[in-house]
Amino acid sequence: MRRYQVILQLFGTFLRIGPSTFGGGYAMIPTIEREVMERRNWIDEQEMSNLISLSGSAPGGIGVNAAAFVGYRKAGLTGAVAAVLGITLPTFLIAIVLSFLYLFFQDNIKVQAALKGIHGAVLALILMAAYRMSKQAVLDIATACLTLLPVLILFSISISPLYIIGFGILAGILLIKGKKYLGMKVCTERENKLAPDDPDSDYSEYYI
Amino acid sequence: MLWNIFFTFLKIGFVSFGGGYAVIPVIQYEVSDHAWLTSSQFQQAVALASMAPGSIATNIATLIGYKTAGILGAVSATLGMILPSLVIIICLASLFFRIQHFTWVNSSLYGLRPVVTGLILYAAIHFFLPDQTETWLSWHMIGTVLICGASIVLLYKYKLHPLILIVAAGAGGIVLF
């Protein structure tokens with residue numbers, strides 16, 4: 001197959017994946033797996049599990065990261081750009097349309113009432129995201145303290161959350177070093193973590 | 001202005017660990033620092049971003065860019081947000097990085113994950129707090145708590161699809177308010 005055909009296919013495949021995934025994050029993984037691994041045979045199972053752990057740990061959305069990874073493996077830099085544009089374009093347009101509709105209808109009293117209701121649902125989605133993330137994150141007393149820290153700091157002083165993220169990374173490295181030095185048991189991940197591609201597993205960051 | 005938007009979201013993109021809702025406090029800080037949107041406009045953007053499919057972080061970037069500087073602003077913000085992902089993933093993929101085998105990566109994730117959880121928690125509390133025009137015991141606040149409680153039960157026990165939940169909450173809002 002010619003190179004430009006592969007690139008077009010990458011673009012088209014991820015164009016379809018984008019709008020079919022609500023809630024973002026790990027919710028996209030089963031769809032990506034089906035399209036990329038089973039249908040197209042672009043990557044094998046071993047690479048798929050690398051893809052999941054890589055896209056989950058690197059900064060940025062899982063979907064965008066996965067698209068970049070697959071695109072790069074198949075057709076280099078151009079492939080990565082094509083796949084990322086493919087996954088971004090539909091949701092970009094949908095967000096613009098929503099924003100447009102909102103401007104148009106924001107003075108409608110029914111729409112205002114509906115948005116107030118949705119406010120409650122979005123709050124629930126954010127809380128659920130925090131809960132699911134906490135199941136992976138809070139492993140001991142140190143991590144429990146690190147979870148409460150951003151809330152306390154951000155409500156008391158106005159500081160860029162970037163410093164808090166940086167502090168988290170530093171604290172993690174120092175804590176693990178310290179624990180090893182003291183000869184304590186070190187566990188950086190939940191042990192009975194289910195494989196993310198297991199259909200029964202609870203996608204830990206489902207709503208992220 | 002467009003460069004400013006682009007570079008701000010580029011910076012945010014490089015640290016958007018955990019994606020989605022964890023990025024809300026970071027974006028919120030930058031938005032109020034640059035005085036791009038008011039607090040209630042920002043909350044509207046978060047709500048709209050959750051209603052659209054795809055990554056929450058990218059959606060918020062698109063909406064804020066759009067509200068700040070129209071369609072070009074939306075393009076700048078979105079590109080700024082996705083470019084770091086592209087760069088980092090390509091570097092890691094070309095180096096054949098088996099990220100899970102590096103202890104220092106695991107150590108940083110050990111500290112990073114709880115902090116990111118805390119940021120999401122902060123985003124939730126901030127999203128809930130009433131703005132200046134409202135008091136704690138208004139009908140709006142009570143309604144929000146009721147809908148939020150019901151939504152959590154539906155999500156947790158019945159694994160309701162987020163889109164259906166949003167539609168149902170909208171209908172609930174029309175009835176309640």
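Before the first stop, one cut-off: a residue is called buried when its relative accessible area is under 20%. Keep in mind, too, that this is a predicted model.

**First stop: one glutamine.** Select Q28(B), which sits in helix 2 of chain B, a helix covering residues 24-33. Is Q28(B) buried or exposed? Its relative accessibility is 14%, so Q28(B) counts as buried.

Now show what surrounds this residue. Leaving aside residues up to four places away in sequence, Q28(B) touches F42(B), Y122(B) and H126(B). Zoom in on H126(B): its side chain and that of Q28(B) make a polar contact at 3.1 Å.

**Second stop: where the chains meet.** Zoom out and colour chain A and chain B separately. Here 96 residues of chain B are in contact with 92 residues of chain A. About 8700 Å² is buried between the two chains, and carbon and sulfur atoms give 79% of that area. Next, select P53(B), Y110(B) and R113(B): these supply 9% of the area that chain B buries against chain A, more than any other three residues.

What about polar links across the interface? Between chain B and chain A there are zero salt bridges, while eight residue pairs are in polar contact, both partners being at pLDDT 80 or more.

**Last stop: the helices on chain B's side.** Which helix of chain B gives the largest share of the side that touches chain A? Select helix 5, which provides 25 residues. By type, the residues on this side of chain B divide into 60 nonpolar, 31 polar and five charged.

Definitions and conventions: Residues numbered from 1 in each chain as written. Chains lettered and ligands numbered in written order. Predicted model: local features only at pLDDT ≥ 70, side-chain atom pairs only at ≥ 80, totals over all residues. Heavy atoms only, no water. Helix = DSSP H or I, 4+ residues; strand = E, 2+ residues; numbered from the N terminus. Buried < 20%, exposed > 50% of the residue type's maximum accessible area, 1.4 Å probe, protein only. Polar contact = N/O pair within 3.5 Å; in protein donor to acceptor, adjacent residues only side chain to side chain. Contact = heavy atoms within 4.5 Å. Buried area = accessible area lost by both parts, 1.4 Å probe. Salt bridge = Lys/Arg side-chain N within 4 Å of Asp/Glu carboxyl O. Nonpolar A, V, L, I, M, F, W, Y, C, P; charged D, E, K, R; others polar.
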